[in-house]
Amino acid sequence: MKLKILFFAIDIICCISYLSATNSNLSIFYYTPQADVFSAGELETVSFNELERGASNPSFLGNLKKHSISASMWKDYYGSGYYGFVSGTYRLNAETGVNISYLGYNSSSEDVYYMDNTSESIVYEKDSMFSASIGRKLSDFVFLGTKLKYIKSTLAEKYDASSFTFDIDSFIKLKYGIVFSAGVRNIVGDLKYDREKENLPLFYHFEVTKLFQTNFIDIRTGIGLKKTDDYDSRSLGLSLKFLRFPLTINGGYISDDNDDSFSTGLGLVVNSLSIDYGIRFGKFFDNYMQRFSLSYFFDIDNEKKIEKNTIKRENSNKIKEKKKDDKKNPQKTNNIIVI
């Protein structure tokens, strides 16, 4: 019943939100910050790290085993602008998690010359996105999450625009190691620069992933579909996690209406720190983008330890109560005389 309600709610939101006109072309809407997701064909359910981190997909927050912090940095296609991303995830309890993230972009600056022979250096574009997410476990197999986002953009250091929007994502565990994820992003909102108005790009995404396990390697492979008003993209992703040494290998392929791209990457785990690198090539390998990420995971006391401490406290209280009762009512019990 919960599963039917979930799909019905997502369908209603999709229908209502399909009202976009001219979409914003801000690049922060079109890139996944983490190198491990980026190198696995942009498929969040393929990345072993993202399933434990929940920085991009809020529905994963209802299935966390640890707290985490992460950060990423990369250059734009022109090699002159920079992106930066920081994120923190906290597991409130066995069924709920929260995340706070920041994604920013600064383009290059250029000298502008005026008619009076003066000049100044101007940053063409500066964008920021702040987000707060919460994810909840609805049942043993169904998870739901939402993300509230605030976007601020400045063009040529003169034109400012800002907006609020939100995402809804779902994560469903099926049989035989298969998982399904679906969601809608940037459901409402627009950016208005002076007199120019741009709607936020509306995204629908669907992913299906399968987990294969052996004695020495875990394999996640999946397919995905992303739809927007401007283009559709289809993805294939693969992640190989070795169990006997701390290495992960990722690969991906994305085909959209404009181009095809191939990606690959490596991940190295040192204690609780995960270091990830990803690179993506265009169809003819004439251009590429690189990405570098760090993720640190904090251990949480497991449920058995918490249960053990609870039982210990309960037994201690029972012993104290028995001693008080024995003092009030001296009697011979089990060959012990209490005076």
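Me: Does Asn 271 count as buried or exposed, and at what relative accessibility?
Reply: Asn 271 counts as exposed because its relative accessibility is 76%, where exposed means over 50% relative accessible area, buried under 20% and partly exposed in between, using a 1.4 Å probe and protein chains only. Please keep in mind that this is a predicted model, in which local features need pLDDT of at least 70 and side-chain atom pairs count only at pLDDT 80 or more, while totals for chains, interfaces and linings use all residues. Residues are numbered from 1 along each chain as its sequence is written, and side-chain values use heavy atoms, with hydrogens and water left out.

Me: Where does Asn 271 sit, and what is its phi?
Reply: Asn 271 is found in the loop between β16 (260–270) and β17 (273–281), strands here being DSSP runs of E with at least two residues, and helices runs of H or I with at least four, each numbered from the N terminus. Its phi is positive, at about 55°, although Asn 271 is not a glycine.

Me: And what about Glu 157, which loop is that in?
Reply: Glu 157 belongs to the loop between β7 (142–155) and β8 (159–173), and this residue, again not a glycine, has a positive phi of about 55°. Glu 157 counts as partly exposed because its relative accessibility is 49%.

Me: Switching topic, what's the nearest opposite charge to Asp 218?
Reply: That is the side chain of Lys 241, which is 5.8 Å away. Asp 218, in strand β13 (residues 217–227), is buried yet has no salt bridge, meaning a side-chain nitrogen of Lys or Arg within 4 Å of a carboxyl oxygen of Asp or Glu. For charge, Lys and Arg count as positive and Asp and Glu as negative, whereas His and the chain ends are not counted.

Me: Which residues does Asp 218 touch?
Reply: Leaving aside residues up to four places away in sequence, Asp 218 touches Phe 48, Leu 211, Phe 212, Gln 213, Ser 239, Leu 240, Lys 241 and Leu 243, where contact means heavy atoms within 4.5 Å.

Me: What does Trp 74 touch, then?
Reply: With the residues up to four places away in sequence again not counted, its contacts include Tyr 31, Pro 33, Tyr 82, Phe 85, Leu 103 and Met 289, as well as Arg 291.

Me: And the whole chain, how many helices and strands?
Reply: The secondary structure comes to four helices and 20 strands, and 43% of the 339 residues count as buried. Among contacts with a separation of 6 or more, 50% are between residues 24 or more positions apart.
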